Amino acid sequence: MTTDESTTVRATETSFRILDALRVLDGAGVTELASHLDFPKSTVHNHLQTLRRNEYVTKHGSQYDVGLRFLQLGEYARDRRGVATIAPPEIDKLAEETREMANLLVEEHGRGVFLYRAKGADAVHMDTHAGKRVYLHTTGFGKAMLAHLPDERVEAILDRHGLPRVTPNTITDRDRLMAELEEVRQQGYAYDDEERLEGLRCIAAPIVVDNEVLGAVSVSGPKSRMTGEWYTDELPALTVSTANVIEINSTYA
């Protein structure tokens, strides 16, 4: 057991598991939550009452839901990342120019977190809503960030999260990933070839200021459209250019 694990508070973990279950179940009653989590109903009820008293959950009839108080915390956490307020205009331009989905993502606790997205005219629907968390090795923007993090940080992330397979194309070999990260450092951008979502390709570039990785920018679209020079030359150039503008704006903000 690590030091972090030995100092966690079980009651707090229980509350967070209940909250996450409410999200997964899209709202639920005490009995459904208790069954889903394999917790005693009395435990679930007591935690829900505490969360409701503090306005973190709501109750309608017998059903509980996650409350909007989390929105205040989420917006605060997002805005603490300066790039979240600087990047959106450039992400919007990238989506308009490419007609695809453009995204801004940052790293937290060794995972990728979507902060902002803009839909181009031809963009397909994806699960890249704000707050969505993904494994870094499965995405272009994740690899773009990993390639510019210190080696010890990369090793710590891989030790913690491993390299789970998400699609048949996901990289699950550490040596292969490290070799690809070296390519990313050399060329300045990264690819995701159906590594997180089948049928989807992505090009991403890191946002780096004073050797600090602030996040990454990406363009995602269906494999059928991500082909030829558009995929190998034009999209990478547009994505890198967008990241560079965000870097300059972040430097002098």
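Is S220 buried or exposed? At 5% relative accessibility, S220 counts as buried (under 20% relative accessible area, with exposed meaning over 50% and partly exposed in between; 1.4 Å probe, protein chains only). The model is predicted, and local features need pLDDT of at least 70, side-chain atom pairs count only at pLDDT 80 or more, and totals for chains, interfaces and linings use all residues. Residues are numbered from 1 along each chain as its sequence is written, and side-chain values use heavy atoms, with hydrogens and water left out.

Helices (H or I, at least four residues) and strands (E, at least two) are DSSP runs, numbered from the N terminus.

| Span | Helix | Strand | Distance between end C-alpha atoms |
|---|---|---|---|
| Residues 9–68 | 62% helix | 13% strand | 25 Å |
| Residues 69–252 | 46% helix | 24% strand | 33 Å |

**Helices α2 and α4**

Helix α2 (residues 10–25) packs on helix α4 (residues 41–53) at an angle of about 85°, and their axes are 10 Å apart. Axes are lines fitted to C-alpha atoms, for helices over the stretch in contact, and angles run from 0 to 180 degrees between N-to-C directions. The two helices α2 and α4 are therefore roughly perpendicular to each other; that class spans 65 to 115 degrees, while angles under 35 count as roughly parallel, over 145 as roughly antiparallel and the rest as oblique.

On the α2 side, the contact (heavy atoms within 4.5 Å) involves A11, T14, S15, I18, L19 and L22, which meet T43, V44, H47, L48 and L51 in α4. The residues of this contact of α2 with α4 divide into seven nonpolar, four polar and no charged. In this scheme Ala, Val, Leu, Ile, Met, Phe, Trp, Tyr, Cys and Pro count as nonpolar, Asp, Glu, Lys and Arg as charged, and the others, Gly among them, as polar.

L19, located in helix α2, is buried, with a relative accessible area of 9%. Not counting residues up to four places away in sequence, L19 touches L51, Y56, V57, V66 and F70.

**Helix α9**

In helix α9 (residues 151–161), the buried residues are V154, I157, L158 and H161. Seen down the axis of α9, these buried residues fall within an arc of 95°, so they line one face of the helix; the arc is that of the directions from the helix axis to the C-beta atoms. An α-helix has 3.6 residues a turn, so residues three or four places apart point the same way. E152, D159 and R160 are exposed on the other side of α9.

The packing partners of the buried α9 residues are β3 (101–108), β4 (111–119), β5 (133–135), α8 (140–146) and α10 (174–187).

S220 lies in strand β8 (residues 212–222). Leaving aside neighbours within four places in sequence, S220 is in contact with E100, M101, N103, M126, L200, R201, C202 and M226.

N211, in the loop between β7 (200–209) and β8, has a positive phi of about 65° although it is not a glycine. N211 is exposed, with a relative accessible area of 74%. H109 is found in the loop between β3 and β4, and phi of H109 is near 55°, a positive value in a residue other than glycine.
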